[in-house]
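Subject: Structure handover

Hello,

Here is the structure for you to look through. Please open it beside this message. My notes follow below it.

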Amino acid sequence: MTGRIERYNLPLAALKILPIKKFIAIILSGQLFLLAAQAQTPAQTPPPPPAAQTPPAAPLAPVPMVENLKVLVLEGQRSVNNSTRHVGIQPVVEVRDENDRPVEGATIVFRLPPSGPGGSFAGNSLTFRGSTNAQGQAGASGFVPNDLQGRFDIHVTATYQNRTGEVTISQTNSPNTLSMLGPMPQKKSVLHNKYLYIGLGVAVGAGVALALTLGHSNSTQQVTITPGAVSIGQ
């Protein structure tokens, strides 16, 4: 009986060990499954660090302007405009550099006073902007004086690259453009005309000669008078 029992104990021991092996196999298969799943899952790379923000560039300093442009007035200085008919003298200037050479392409701005005697440019504007030609000249076309009488100034500025210059043009609004020519001369009296004196002298001389000729028959002495022009200085 004893040998039989021992013979049957071996299978029982094996039965006790068998669940442990299955348990170990299950654990190993689970680990293998996890390793396979991790191998298929792409590795997540950490996000790159934020790029360093570059500070904004400092604004460039403006180029200083140099006042070395010469602005010469060609037309319009001390002119008189007709404020009644709204006829004005157009201002014209010429721009030259420090070497007295014409500056082509310079920007010219003509500015009229905002109130009082003055006028306006095209479009009822108080400013006119233009550019100089090859001779360095530019004019403000379309200038019309207003109804107000009196003196006013047109301020002119010229800029080219970093150079600038300015000038002032003085004009006057008047109801009568004859003031441009100065006062009219006074009409002289007819008695002060030298040509009238000459005519009177010729007439007197002719009358004396005629009277002497008529009285020749009653006189034995012959008198000859030659009439001539009488010149009287003014």
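E94 is buried, because its relative accessibility is 8% and the cut-off for buried is under 20%. Keep in mind that this is a predicted model.

E94 has a charged partner. Its side chain meets that of R96 in a salt bridge, at 2.7 Å from N to O. Why can such side chains pair at all? Opposite charges can pair when the charged atoms come close.

How many salt bridges does a search of the whole structure find? It finds five. Here are two others among them.

Start with D97. Its side chain forms a salt bridge with R101, and the N to O distance is 3.2 Å. Is D97 buried or exposed? D97 is buried, with a relative accessible area of 7%.

Next, look at D100 and K70. Their side chains also meet in a salt bridge, at 4.0 Å from N to O. How accessible are the two? D100 has a relative accessible area of 42%, so it is partly exposed. K70 is partly exposed too, at 37% relative accessibility. Both values fall between the cut-offs of 20% and 50%, which is why neither residue counts as buried or exposed.

Now the aromatic rings. A search of the whole structure finds four aromatic pairs. One of them joins F110 and F128. Their ring centres are 6.3 Å apart, the planes make an angle of 55°, and the pair is tilted. It links distant parts of the chain: F110 lies in strand β4 and F128 in strand β6 (residues 127-131), 18 residues apart. F110 counts as buried, because its relative accessibility is 0%.

F128 has another partner, F121. Their ring centres are 5.9 Å apart and their planes lie at 50°, so this pair is tilted as well. Is F121 buried or exposed? F121 is buried, at 3% relative accessibility.

Which residues make up the aromatic cluster? F110, F121, F128, F143 and F152 form one cluster.

Best wishes

Terms used: Residues are numbered from 1 along each chain as its sequence is written. This is a predicted model: local features need pLDDT of at least 70, side-chain atom pairs count only at pLDDT 80 or more; totals for chains, interfaces and linings use all residues. Side-chain values use heavy atoms; hydrogens and water are left out. Buried means under 20% relative accessible area, exposed over 50%, partly exposed in between (1.4 Å probe, protein chains only). Rings of Phe, Tyr and Trp (its six-membered ring) pair if their centres lie within 6.5 Å; planes under 30 degrees apart count as stacked, over 60 as edge-to-face and the rest as tilted. Helices (H or I, at least four residues) and strands (E, at least two) are DSSP runs, numbered from the N terminus.
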